[in-house]
Amino acid sequence: MGNSKSSAMSKEILEDLKLHTKFSENELSQWYENFQKTCPSGRINPEEFEAIYARFFPDSDAKIYAQHVFRSFDTNDDGTLDFKEYIIALHMTSGGKTQRKLEWAFSLFDVDKNGYITKSEVGEICQAIFKLIPKEDQEKLPADENTPEKRAEKLWSYFNKKDNERLAEGEFIQGVLENENALRLIQYEPMK
Ligand SMILES: [Ca+2]
Ligand SMILES: [Ca+2]
């Protein structure tokens, strides 16, 4: 209160982030400084988040995907991301296949946050992922993955569920761990 210049992040948040991410104290402090600069309010709104994503995907349309990612990290549902939610988002969306990352992937696909994934939710996220793929790379995709619908169909088939059944978190994670193709299809890593 009364301190016009927001100072270092609180010890509590720092310890929490060190525990839950692989980032060092130095990295976290650096990002916190940047975060304060670009985001003096200390909160990122959906439009700002979309702009950040757009910079990562200059050759494609990341808007819808960014909205889903935003939803999945706004854990307290207040319509903004604070520093902690933002760093966890960065951590989860970059590389690896840890248990926590797969839990996050589940929440990304669980669009209505009811604890289950339906085939239509898979379809919705596959649409968003597909838009991340630059046009020229879309043309190089295998014939059974070259539309969002085919991609969703293929991904859903790995979980051995009927079209009207739904997936619990454990089933989703197990399915992805057991199948490299499923793991590949739940995300998009830009081709280098
Ligand atoms: Ca929030
Ligand atoms: Ca759901």
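This is a predicted model: local features need pLDDT of at least 70, side-chain atom pairs count only at pLDDT 80 or more; totals for chains, interfaces and linings use all residues.
Trainee: How many helices and strands does the protein have?

Mentor: The order of elements along the sequence is α-α-α-α-α-α-β-α-α-α-β-α-α. Counted by type, the protein has 11 helices and two strands.

Trainee: What is the radius of gyration of the protein, and how does the globule rule bear on it?

Mentor: The C-alpha trace spans about 60 × 35 × 25 Å along its principal axes. For 192 residues the globule rule gives 16 Å, and the value of the model is close to that, so the protein is as compact as a globular protein of that length. The radius of gyration is 18 Å.

Trainee: What share of the contacts with a separation of 6 or more joins residues 24 or more positions apart?

Mentor: As background on the interior, buried residues make up 24% of the 192 residues. For the contacts with a separation of 6 or more, the share from residues 24 or more positions apart is 58%.

Trainee: Which term describes the arrangement of helix 3 and helix 4?

Mentor: Two packed helices are described by the angle between their axes and the distance between the axes. Helix 3 covers residues 46–56 and helix 4 covers residues 63–73; their axes come within 9 Å and cross at roughly 125°. Angles of 65 to 115 degrees would count as roughly perpendicular and those over 145 as roughly antiparallel. Helix 3 and helix 4 are therefore oblique.

Trainee: How many nonpolar, polar and charged residues form the contact of helix 3 with helix 4?

Mentor: On the side of helix 3, the residues are P46, F49, E50 and Y53, and they meet K63, Y65, A66, Q67 and F70 in helix 4. By class, the contact of helix 3 with helix 4 divides into six nonpolar, one polar and two charged residues.

Trainee: What is the handedness of the crossing of helix 3 and helix 4, and of helix 6 and helix 10?

Mentor: Helix 6 (residues 99–109) packs on helix 10 (residues 169–178) at an angle of about 120°, with the axes 10 Å apart. That angle makes helix 6 oblique to helix 10. For helix 3 and helix 4 the crossing is right-handed, and helix 6 also passes helix 10 in a crossing that is right-handed.

Trainee: How many residues of each class are in the contact of helix 6 with helix 10?

Mentor: Helix 6 contributes L102, E103 and F106, which meet E169, F172, I173 and V176 in helix 10. Sorted by class, the contact of helix 6 with helix 10 has no polar residues, two charged and five nonpolar.

Technical notes: Residues are numbered from 1 along each chain as its sequence is written. Chains are lettered from A and ligands numbered from 1 in the order in which they are written. Axes are lines fitted to C-alpha atoms, for helices over the stretch in contact, and angles run from 0 to 180 degrees between N-to-C directions. Helices (H or I, at least four residues) and strands (E, at least two) are DSSP runs, numbered from the N terminus. Angles under 35 degrees count as roughly parallel, over 145 as roughly antiparallel, 65 to 115 as roughly perpendicular and the rest as oblique. A crossing is left-handed if the near helix is turned anticlockwise from the far one by less than a right angle, and right-handed if clockwise. Two residues are in contact if their C-beta atoms, placed from the backbone, lie within 7 Å. Ala, Val, Leu, Ile, Met, Phe, Trp, Tyr, Cys and Pro count as nonpolar, Asp, Glu, Lys and Arg as charged, and the others, Gly among them, as polar. The radius of gyration is taken over C-alpha atoms; the globule rule is 2.2 Å times the number of residues to the power 0.38. A residue is buried if 20 or more other C-beta atoms lie within 10 Å of its own, exposed if 12 or fewer, and partly exposed in between; C-beta atoms are placed from the backbone.
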